[in-house]
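Reader: I would like to learn how to read a protein model. Please take it one feature at a time.

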Amino acid sequence: MEALISAHNLSKQFDGVMSLNKVSISGMPGSIHAVTGENGAGKSTLMKLMAGVLTPTSGEITLRGKVVHFSSPLAALNAGISTVFQEFSLVPNLTVSENLFLGRELRSHGMLDRTLMRQKALHALGLVGLDIDPDRIIASLTVAEQQSVEIAKGLTVDADIFIFDEPTAALNSHEVTRLEKLLLSLRDQGKCIFYISHRMREIFTLCDTATVLKDGRLVGSYPLDELNQDRLLALMVGRELSQLYPPRRPPSQAPVALDVKSLRLTASDRPLNFQIRQGEIVALAGLEGQGQRDIARALAGVARHSQGTIEVTGPDHHRVPFHPAQGSGHALYCGIAFMPEDRKAEGLYLDLSVADNLRLGMHQQRMPWQTAKRYHNDLSQWVSSLSIRTSSTSQTVVHLSGGNRQKVMLGRWLAVKAQVLIIEEPTRGVDVGAKIEIYQALRQFCDAGGAVLFTSRELPEVLGFAERILVVNNRQIVQERRPEHTSEEEILQATRYQEAAS
């Protein structure tokens, strides 16, 4: 069977650094082809070359046996290659339908045919199971809804080749199941799908072939029925894996780091009361949309309408009271740092350098009248300790992989020596190697007396990394569990039981 698309010895340099080095790959009709490797391995670069986002330094791409040169993503789209990027490419102040047809608007008699665009938008949204008004503004959607719109955008074109770059990173389990059915349907129609994911279950459930990249070079392409998860992970990281999660500590009687008293997310909510101790890693878990995100953001002062008192124990063992209405800046002053899920929109300044992004946290400790320092030694320390893969600290963050961006954001808040880290989705879109490094960095932070509270859609991460789980339902903590005595099913059943009881 002839390949629909092939890359032959593709290479790409950025500022003299070889990001991709003579990589070849073929996509067959009726195939879901996993593209795997650690962050920075070259996966996204390879896919961007095939999608017309980047121009190769050398090598060539053939489409249906003919050499092609794409001048833009639109040219690739018109040739039948549709790409859903990990970082959203949506325009926030336009509507859903306007985004779906951006650059290829439908016209009638020279005028925009908004009625037809809306009809086709409804059809595409229906294919991904998203029940929203096409006239909604993108900025008003949740992260998961925006991800679904990105997927629908690719389906508005009758493409033969689809590229999905971490499409499930922001989706809950129900949405992931719906997407998987869609991908299998596309495969059965004879489409070729390239699929980038760090979730092993998805790769082995959906894909038939895996291409492994490491440090910009091709390790090899393998039928997945010849691999298991351990072997694939070993190919990706170049070594046999030790335990993914750091050793779990026994129940702690250390001093309280975070004491939450009578926290109300809204005036009608029942008050929340709980504690997190120094050295402890705690997860907020449950079904998607039950309030984990709202609780985390209230504790960080992001949701300023919340009421209640939060006490943080400082390094001198004095308790500092914080009220959510005082905002995130005051939360940081009191010792609470916050890492949002959407690192592109809320977490990082992509056009600034690694150094500048790290410095932003350090400058939070500076009084307004004090001279700003360059923090050269501190920057090198954090880049080294977090294994941030960058050509130099002056490299702009936009050119880093997803995992390295996440480590830059983490390094910023570790550098401020906060007492409590509140993290949404600590390893979203991050490969297994970077996950290990992030888990170890957070464990070291806690070993030094800090405390971590995190949310995660991935229940294996909750069970593997947390030392205590607070099960959330309807914006309330309904159970507290130890992960070593808990399963995924028990967490979900606890949520469903509370729903039935109410």
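Author: Start with the surface. This is a predicted model, and the accessible surface of the protein chain comes to about 21900 Å². Carbon and sulfur atoms hold 49% of that surface.

Reader: How many of the 502 residues count as buried, as a percentage?

Author: Buried residues make up 55% of the 502 in the protein chain.

Reader: What does the chain contain in the way of helices and strands?

Author: The protein chain has 17 helices and 22 strands. Its radius of gyration is 23 Å, close to the 23 Å that the globule rule gives for 502 residues, so the chain is as compact as a globular protein of that length. Along the principal axes, the C-alpha atoms fill a box of roughly 70 × 50 × 50 Å.

Reader: What share of the contacts with a separation of 6 or more joins residues 24 or more positions apart?

Author: In the protein chain, that share is 67%.

Reader: Now the cysteines. How many disulfides does the structure hold?

Author: A disulfide is a covalent bond between the sulfur atoms of two cysteines. This structure holds 0 of them.

Reader: Which cysteine has the sulfur closest to that of Cys334?

Author: That is Cys446, but the two sulfurs are 19 Å apart, so they are too far for a bond. Cys334 is buried as well, with a relative accessible area of 4%.

Note on methods. Residues numbered from 1 in each chain as written. Predicted model: local features only at pLDDT ≥ 70, side-chain atom pairs only at ≥ 80, totals over all residues. Heavy atoms only, no water. Disulfide = S-S within 2.5 Å. Buried < 20%, exposed > 50% of the residue type's maximum accessible area, 1.4 Å probe, protein only. Helix = DSSP H or I, 4+ residues; strand = E, 2+ residues; numbered from the N terminus. Rg over C-alpha atoms; globule rule 2.2 N^0.38 Å. Contact = heavy atoms within 4.5 Å. Areas by Shrake-Rupley, 256 points an atom, 1.4 Å probe, with all protein chains shown as cover.
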